[in-house]
Amino acid sequence: MFKITLIISLALSSVFYTGNAQQKSKNQDLAEAKKAIAESNRVYFQSFVKNDPAIFINRYAKDCWIMPPNAPAMKGADAPLKFFKIAYDKIGLRNGKFITLDVFGDGEHYVTEVGLWKSYDVNNKLFDEGKFLVLWKKTPAGWKMFRDSFSSDRHK
């Protein structure tokens, strides 16, 4: 009887330990994803300040979709450059700010970010603001925006 009780106790503690280790790993993965997203968001608008599309392009996965409001989705490796040129040349975006409200997911392959954004013109005047939802993908080059959807809070 003692032997059976010992075996059951060891089996249960093994399951508990494995579950705890997996949870710690997922929490660590999510924390690493959040850190990478914060860093990416920190430099994102520097691309507009410096008129350097390479900074912008590097935020996105090669198979990304950028889904602006009232326009077709831009898809694939050339989408970030196309979007950058429209935002810089036609819209006049020169700076901005992201405010992350939440990042959730397992942190292993994909995470979702929810937040708010603000856009500024050449005179540092706020000209638009809204909300966004980004699905981030872990790639060999790090966390990249995989699906980027956003809309304005302003009526036009």
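**Close-up views of strands and salt bridges**

View 1. Glutamate 39 and arginine 42 sit three residues apart, about one turn, in helix α1 (residues 2-44). Here helices (H or I, at least four residues) and strands (E, at least two) are DSSP runs, numbered from the N terminus. The model is predicted: local features need pLDDT of at least 70, side-chain atom pairs count only at pLDDT 80 or more, and totals for chains, interfaces and linings use all residues. Residues are numbered from 1 along each chain as its sequence is written, and side-chain values use heavy atoms, leaving out hydrogens and water. Glutamate 39 and arginine 42 form a salt bridge, with their closest N and O atoms 2.8 Å apart; the term means a side-chain nitrogen of Lys or Arg within 4 Å of a carboxyl oxygen of Asp or Glu.

**View 2. Strand β6 and its partners.** Strand β5 (residues 126-139) pairs with β6 in the antiparallel sense over 10 bridges, and valine 134 stands opposite aspartate 148 in β6. Two strands pair if DSSP finds at least two bridges between them. Two residues separate β5 and β6 in their hairpin. Strand β1 (residues 60-67) runs parallel to β6 (residues 142-152), joined by four bridges.

View 3. Lysine 118 and glutamate 129 meet in a salt bridge (3.2 Å, N to O). This pair links distant parts of the chain, with lysine 118 in strand β4 (residues 110-120) and glutamate 129 in strand β5, 11 residues apart. Lysine 131 forms a salt bridge with aspartate 153, at 2.7 Å between the closest N and O atoms. Lysine 131 lies in β5 and aspartate 153 in the segment after β6, so their pair ties together parts 22 residues apart in sequence.
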